[in-house]
Amino acid sequence: MNGAPSGETVLAGLPSLPGLYRQAVALVVRRTIGRAPVASALPSARHRVHGVRIDLAELTRFEQELGSAARDKLPSAYLHTVAFPVAMSVLARPDFPLPLLGMVHLSNEVHQDRQVAASEVLDIVAYSEDLRPHAAGTQVDVVTEVDVAGRRVWTGRSVYLARGVRLDASGPRTSDAERPPFTAPRPTALWTLDAGTGRRYAAVSGDWNPIHLSGPTARVLGMRTAIAHGMYLAARMVDQAVAAPTGALDWRIDFAAPVPLPAVVAASFTRTRYDGGERVDVVGWSAERRKPHFTGWVRAE
Amino acid sequence: MADQAGSQNAARTPRTAVVIGGNRIPFARSGGAYAYSSNKDMLIAALDGLVARFGLQGERIGEVAAGAVLKHSRDFNLTREAVLGSALSPETPAYDLQQACATGLETVVGLSNKIRLGQIESGIAGGVDSASDAPIVVSEGLRRVLLDLSRARTPQQKIKALGRLRPKDLSPNAPTTGEPRTGLSMGEHQALTTAAWNISREAQDELAYRSHQNLAAAYERGFFADLMTPYRGLTRDANLRADTSPEKLATLKPVFGTSLDTPATMTAGNSTPLTDGAALVLLGSEEYATANNLPMLATIVDAEAAAVDFVHGDEGLLMGGVHAVPRLLQRNGLTFDDFDFFEIHEAFAGTVLSALAAWEDEDYCKRVLGLDGALGSIDPSKLNVNGSSLAAGHPFAATGGRIVATLAKTLSEKGGRGLISICAAGGQGVVAILEARN
């Protein structure tokens, strides 16, 4: 790592996700035995990787696992996947105040100015901001930006929650507003997710977080069973909402109850056309238990 | 005789294409009489009967077009192989077509257009499907290993490819009726539409009952005597229940839409069962029929295809025909009042009743179909008068041939004009107009 202006760290290449997870486990151990201090503020560091190129074979495997057409343009959610190791390297820093392992993905919002071709060379930067209390712990935003030839093409903001972590007991807390009871809309899709969904998505996305892989590995981290990757749901949502985007694409997903694997997820897609574009609102819920898994929208111009 | 009854200088202006006759084998329930017959076997059986009925032995037909929805990859030339296995001249060209449940009707549209353009004088159109002998494919994991293995050159590459094989890769995949883009089965999609149009259980059972009554009555008066060839011990459609009643149908448990907030109304009785069978029609120019002393049952007037967006909830999966019909009527300057018979494919009773309700709904017709008002009502006494898919069964690609032959013969007996509407997977629908000859 080289120091760079304005707290920026330029990485030599995309970090290895398994390496970051190992680093995170080591940090948990060191903190547990009290040898590592826990920071109370976010590091101002920005991690940057220049010259990222897309591996077409990996892209194809990702697209086919999600059931989308294998195009030479990058699915919007795939840019998140490509940039994910950079974002993770920020969360895995020893001076990052929240524990990487076991953090819950609350939401994701993406603004994409144009479609990106698989042949384009990407500059990726990631940083964290807005550490704040949440009724159930502490939440933080992780921002990822993708540039091509010096121009911003894709910005993603992921919100994570560290459950039960209180950095400042006196700070204000956002309270869980009383949620209205969930009424399932008419489904327009039914996604059957088998027990291997998490392992297969891990293989195509590189996100080998143990909570997605199997019952035993998920239980080690306090889950009752393996759960689907939030980004798997997001990628399917975006692809099904707008099959062939040509220009700007914005989308957001808010995660509710995790999807235990295996599962049948019912989803409702509702499209509204407006001058110059369309917006598709999406709700996903448990077909069996009538509990919402996520809500989201996709806007294409 | 050969496919040159018309003038040697093919006419360049559109001519008239007619239905000369049809032939199908009785439809069997999946796993029944045709459990071990392949698509090719059944298509040849239907073709043999047609050849025998119209004396086509050794004849070079202009073109044969047929298809199957559930088709094995080895059947890449299914129709041509069936022609080679038949008594037709081996010089008869053939092609396969697939448009889900609209396959059979689309082959009729395609070949009748070739006849109208003067490209061919005669044609045989239709389709076949087997739900029993469905292709089963190896898992995606095994398929990729086998493909990489076939490309491997060195022993090391072969071992590497084989090393990726996992026990779960050995379990095969059977085809499903799920829509690829939504994951919902066709029945679950229809359940949403049925609920949206508030179609009652009683109305669906009543339609299913009438389908059985009409089909049974048609058999009783010998209507199918020259439209069918017995096969593998079957002389009637195995699904036909002449003794069923609305009371019996009312006892069946709902199978689709059981997780909706509205009452589930779709049962095995008012939904088509998985079926095996084949159906074909013989088409020709007027010149061909006259020169060969063949009957002309009906004229194929015009056809239209439509597709709807069911992925974003804009429209029901099986509502394609609802959109195609007004476009076809408008082009031909016709209204429902100009028709004497309606053949609306009974994928589910709810499909037919949703279409009827939609065409009667002024707001829907204005807002969704872009019409000035409601398209109109269809008199139940003109609808599927010789039974339809709920009673006969629905071997997907064979249904179009069954319906075209049934309507053409009805028109030759009773006169008048008939409308066909067939819905298909993928939100599609194909519709056509047939007219009596006099």
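This is a predicted model: local features need pLDDT of at least 70, side-chain atom pairs count only at pLDDT 80 or more; totals for chains, interfaces and linings use all residues.

Visitor: How many residues of chain B are in contact with chain A?

Guide: On chain B, 19 residues are in contact with 19 residues of chain A. The two chains bury about 1400 Å² between them, and 42% of that area is on carbon and sulfur atoms. Of the area that chain B buries against chain A, 35% is supplied by Arg181(B), Leu184(B) and His312(B), more than by any other three residues.

Visitor: How many polar contacts and salt bridges are there between chain B and chain A?

Guide: Between chain B and chain A there are 8 residue pairs in polar contact and 3 salt bridges. Helix H6 (residues 186–196) of chain B gives the most to the side of chain B that touches chain A, namely 4 residues. That side divides into 7 nonpolar, 7 polar and 5 charged residues.

Visitor: Which parts of chain A does the pair Glu129(A) and Arg157(A) tie together?

Guide: Glu129(A) lies in strand S5 (residues 122–134) and Arg157(A) in strand S7 (residues 151–163) of chain A, so the pair ties together parts that are 28 residues apart in sequence. Glu129(A) is partly exposed, at 28% relative accessible area. Arg157(A) also counts as partly exposed, at 33%.

Visitor: Where do Asp261(B) and Arg290(A) lie?

Guide: Asp261(B) is in the loop between strand S6 (254–256) and strand S7 (266–267) of chain B, and Arg290(A) is in the loop between strand S11 (277–286) and strand S12 (292–300) of chain A, so the pair joins two chains. Their side chains meet in a salt bridge with an N to O distance of 2.9 Å. Asp261(B) counts as exposed, at 59% relative accessibility, whereas Arg290(A) is partly exposed, at 33%.

Visitor: Are Glu121(B) and Arg15(B) buried or exposed?

Guide: Glu121(B) counts as buried at 7% relative accessibility, and Arg15(B) is buried at 14%. The cut-off for buried is under 20%. Glu121(B) forms a salt bridge with Arg15(B), with the closest N and O atoms 3.1 Å apart.

Visitor: Which residues are linked in a network of salt bridges?

Guide: Glu8(A), Arg46(A), Arg48(A), Glu145(A), Asp147(A) and Arg152(A) are linked in such a network.

Visitor: What can be said of the surroundings of Ser89(A)?

Guide: Beyond its neighbours within four places in sequence, Ser89(A) is in contact with Leu11(A), Pro15(A), Leu20(A) and His47(A). With the side chain of His47(A), the side chain of Ser89(A) makes a polar contact of 2.8 Å. Ser89(A) lies in helix H3 (residues 76–91) of chain A and counts as buried, at 7% relative accessibility.

Visitor: Which residues do the UniProt domain annotations cover?

Guide: In an unreviewed entry, UniProt annotates residues 195–279 of chain A as "domain: MaoC-like". That span is 32% helix and 26% strand, with its end C-alpha atoms 32 Å apart. For chain B, UniProt places "domain: Thiolase C-terminal" (unreviewed entry) at residues 295–435. The end C-alpha atoms of residues 295–435 of chain B lie 14 Å apart, and the span is 36% helix and 21% strand.

Terms used. Residues are numbered from 1 along each chain as its sequence is written. Chains are lettered from A and ligands numbered from 1 in the order in which they are written. Side-chain values use heavy atoms; hydrogens and water are left out. Contact means heavy atoms within 4.5 Å. Buried area is the accessible area (1.4 Å probe) that two parts lose on being put together, summed over both. A salt bridge is a side-chain nitrogen of Lys or Arg within 4 Å of a carboxyl oxygen of Asp or Glu. A polar contact is a pair of N or O atoms within 3.5 Å; within protein, one must be able to donate a hydrogen and the other to accept it, and residues adjacent in sequence count only if both atoms are side-chain atoms. Ala, Val, Leu, Ile, Met, Phe, Trp, Tyr, Cys and Pro count as nonpolar, Asp, Glu, Lys and Arg as charged, and the others, Gly among them, as polar. Buried means under 20% relative accessible area, exposed over 50%, partly exposed in between (1.4 Å probe, protein chains only). UniProt positions are given in the numbering used here, feature names are shortened, and annotations may be inferred rather than shown by experiment.
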